[in-house]
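Welcome, and take a moment to look over the model before reading on. We will walk through it piece by piece.

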Amino acid sequence: KDSERQIAPLIEFLFLTGCRPGEAFALVWDNVKLDNNCVVFNKSYSSTIKDVKVTKNNGARLFYLYPRLTALLERIKPENVKGNELVFKQENGQTYSTGCHGHLWLGASKTRKGKTYHYPGVVTRLVEEGKLTQYLAPYHARHTFITLTAWLNKENPNALVLLAACCENSVEVILKHYMDVDHSTQLVTG
């Protein structure tokens with residue numbers, strides 16, 4: 001359960017920013033600008049090459065802080081932190097990877113002496129306890145953030161432009177994939 005407690009701020013951060021997991025894995029404290037009210041995403045950790053690379057669209061982008069996100073970052077920031085220190089790291093100090101994150105999220109099975117043991121991840125356990133209705137993959141944190149934020153700002157085109165920029169997306173993609181309405185649905189009126 002210690003690993004779950006340690007990964008909880010990472011999962012919360014993913015839901016609060018909609019960033020890609022690799023961007024959170026590579027985030028260092030130098031890029032958390034509490035005084036300037038933003039986070040700079042300019043790197044991503046690739047589990048495939050096991051190294052840091054540029055973001056998906058090869059650029060840096062700003063994500064503006066808001067109270068709940070600021071509170072999270074202030075709560076987890078160590079006192080004497082070095083600027084190049086990872087914001088989110090495993091218990092052993094290493095960078096998170098998609099595999100490690102997935103095991104803590106979904107769960108893993110290990111075989112020892114011919115017997116297989118299953119360790120449910122956080123989300124799997126929440127489904128088993130009836131607190132979630134179905135399993136969702138880690139990338140759903142991004143989709144959830146974008147969908148909720150887009151719908152909250154649907155009447156404000158400027159906010160959708162800002163959301164697109166913060167999530168390295170386009171307004172067109174947000175409208176099509178996150179706010180699309182099934183026009184074949186019929187309303188029943190009485």
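In which loop is Asn37 found? Asn37 sits in the loop between S1 and S2. Helices (H or I, at least four residues) and strands (E, at least two) are DSSP runs, numbered from the N terminus.

This is a predicted model, in which local features need pLDDT of at least 70 and side-chain atom pairs count only at pLDDT 80 or more, while totals for chains, interfaces and linings use all residues. Residues are numbered from 1 along each chain as its sequence is written, and side-chain values use heavy atoms, with hydrogens and water left out.

**The chain as a whole**

The protein chain contains eight helices and seven strands. Its C-alpha atoms fill a box of roughly 60 × 45 × 30 Å, taken along the principal axes. Of the 190 residues in the protein chain, 38% are buried. Here buried means under 20% relative accessible area, exposed means over 50%, and partly exposed lies in between (1.4 Å probe, protein chains only). Among contacts with a separation of 6 or more, 55% come from residues 24 or more positions apart; a contact means heavy atoms within 4.5 Å.

**An open sheet and a hairpin**

Strands S1, S2 and S5 form an open sheet in the order S1-S2-S5, with antiparallel pairing. Strand S1 (32-33) and strand S5 (61-64) stand at the edges with a single partner strand each, so one side of each is left without a neighbour in the sheet. Two strands count as paired if DSSP finds at least two bridges between them. Strand S2 (residues 38-41) pairs with S5 over four bridges in the antiparallel sense.

Further along, strand S6 (residues 107-112) and strand S7 (residues 115-120) are joined by six bridges, again in the antiparallel sense. The hairpin of S6 and S7 has two residues between the strands, and there Lys113 takes a positive phi near 50°.

| Residue | Stands opposite |
|---|---|
| Val40 | Leu62 in S5 |
| Thr111 | Thr116 in S7 |
| Arg112 | Lys115 in S7 |

**Positive phi values**

Most residues other than glycine have a negative phi, and most peptide bonds are trans. With that in mind, let us return to Asn37. Its phi is near 65°, a positive value in a residue other than glycine. At 38% relative accessibility, Asn37 counts as partly exposed.

Glu168 also has a positive phi, of about 55°, although it is not a glycine. Its place is in the loop between helix H7 (157-166) and helix H8 (171-178). Is Glu168 buried or exposed? Glu168 counts as buried, because its relative accessibility is 14%. The side chain of Glu168 makes a polar contact with the side chain of Arg20 at 2.7 Å, and another of 3.5 Å joins the side chains of Glu168 and Arg61. A polar contact is a pair of N or O atoms within 3.5 Å; within protein, one must be able to donate a hydrogen and the other to accept it, and residues adjacent in sequence count only if both atoms are side-chain atoms.

**The end of helix H3**

Ile76 is found in helix H3 (residues 67-76). With 22% relative accessibility, Ile76 counts as partly exposed. Not counting residues up to four places away in sequence, Ile76 touches Pro9, Trp29, Val87 and Phe88. Ile76 and Phe88 are 12 residues apart in sequence, and their C-alpha atoms are 9.1 Å apart in space.
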